[in-house]
Amino acid sequence: MNILKNRTILGLISIVLSLIICFGLTPMFNNAVKSQVEIIRMVKDVKQGEVITADMVTKIKVGGYNLPTDVLKEMDSVIGKYAKYDMQSGDYILYSKLSNTALTEFLYLHELDGAREAMSITIKSFAAGLSGKLEAGDIVSIIASDVGDFRETIAPPELKYVKVLAVTDGRGYDKAYTDDSKSDEERELPSTVTLLVVPTQAVALAELENTGRIHLTLVYRGTEENRNAFLAVQDKYLFSLESESKNDDETYFTEERGNIGGQEVVTDGE
């Protein structure tokens with residue numbers, strides 16, 4: 001306490017601290033602000049999923065102070081990569097904005113083998129599309145209400161198990177690639193769902209789209225092996241339509257469904 005009360009000592013301490021700040025910390029800070037680093041910047045607008053080419057980017061020098069840690073600085077780290085999100089001219093390129101492989105939302109259309117087709121149907125209400133919870137890879141069943149003159153509700157057996165390829169909002173962006181940084185108010189609800197179908201199913205869907213209100217129920221979300229097992233059950237039924245009609249569709253699907261995934265799966269209503 002005696003030392004602290006000594007004004008001379010306190011004055012000397014203040015002078016020493018001032019010198020340290022003036023001749024030590026301040027120059028270091030100024031050097032950091034003035035230091036230049038080369039980074040990659042966009043010179044053209046790029047849409048989500050596009051491949052980054054050499055004419056879309058340039059290398060510039062900017063102040064190194066307060067730059068994001070994952071900003072990319074080498075052309076090889078950018079060219080040939082895929083944009084995860086829309087980017088505009090002048091944007092810095094961050095590692096988190098790029099993908100090494102083509103986005104799945106574009107790959108699924110390249111994997112069609114001719115036997116199956118991709119078809120989109122409209123989600124006419126929030127509830128009809130499972131309240132925005134559908135995801136690519138889900139196995140769903142199709143139910144249609146208000147069908148025909150008698151406004152019937154039907155569950156076509158040829159649409160019992162159908163695979164979801166994509167869930168898309170009104171801007172054309174698939175759900176999996178919506179920017180998660182956006183608030184709930186900024187996110188758009190799904191407008192359409194794209195399904196993997198055979199021609200028979202496509203015809204049935206087109207008719208239901210125009211004559212009724214389509215609802216989708218979630219049947220399965222899980223492993224690829226089990227998804228394929230559900231589709232195999234559906235394929236077997238569709239094949240059976242070509243040879244003979246089934247008298248009891250629900251019994252057929254219940255029996256076939258029992259062994260999927262090595263365990264019994266209880267159907268609705270059982």
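Tyr161, Tyr220 and Phe230 come together as one aromatic cluster. Keep in mind as you look at it that this is a predicted model.

Start with tyrosine 161 and phenylalanine 230. Their ring centres are 5.0 Å apart, the planes make an angle of 70 degrees, and the pair is edge-to-face. That label follows because planes over 60 degrees apart count as edge-to-face.

The cut-off behind both calls is under 20% relative accessible area.

Now for the other pair, tyrosine 220 with phenylalanine 230. Here the centres are 5.4 Å apart with 35 degrees between the planes, and the pair is tilted. Why does this pair tie together separate parts of the chain? Tyrosine 220 is in strand S10 (residues 213–220) and phenylalanine 230 is in helix H5, so the pair joins parts that are ten residues apart in sequence. Tyrosine 220, like phenylalanine 230, is buried.

Ile9, Ile13 and Leu17 make up a nonpolar surface patch of about 240 Å². To find your way there, look for isoleucine 9 in helix H2 (residues 7–34). Isoleucine 9 has a relative accessibility of 30%, so it counts as partly exposed.

The last stop is leucine 189, which you will find in the loop between S8 and strand S9 (190–197). With a relative accessible area of 53%, leucine 189 is exposed, because the cut-off for that label is over 50%. What does leucine 189 contact once its neighbours within four places in sequence are left aside? The partners are Phe126, Asp169 and Gly170. Take phenylalanine 126 from that list: it is 63 residues from leucine 189 along the chain, yet the two C-alpha atoms are separated by 8.0 Å.

Notes: Residues are numbered from 1 along each chain as its sequence is written. This is a predicted model: local features need pLDDT of at least 70, side-chain atom pairs count only at pLDDT 80 or more; totals for chains, interfaces and linings use all residues. Side-chain values use heavy atoms; hydrogens and water are left out. Rings of Phe, Tyr and Trp (its six-membered ring) pair if their centres lie within 6.5 Å; planes under 30 degrees apart count as stacked, over 60 as edge-to-face and the rest as tilted. Helices (H or I, at least four residues) and strands (E, at least two) are DSSP runs, numbered from the N terminus. Buried means under 20% relative accessible area, exposed over 50%, partly exposed in between (1.4 Å probe, protein chains only). Patches are made of residues with over 30% relative accessible area and no salt bridge: like charges are joined within 9 Å, nonpolar side chains (Val, Leu, Ile, Met, Phe, Trp, Tyr) within 5 Å. Accessible areas come from the Shrake-Rupley method with a 1.4 Å probe; for residues, only the protein chains shown count as cover. A salt bridge is a side-chain nitrogen of Lys or Arg within 4 Å of a carboxyl oxygen of Asp or Glu. Contact means heavy atoms within 4.5 Å.
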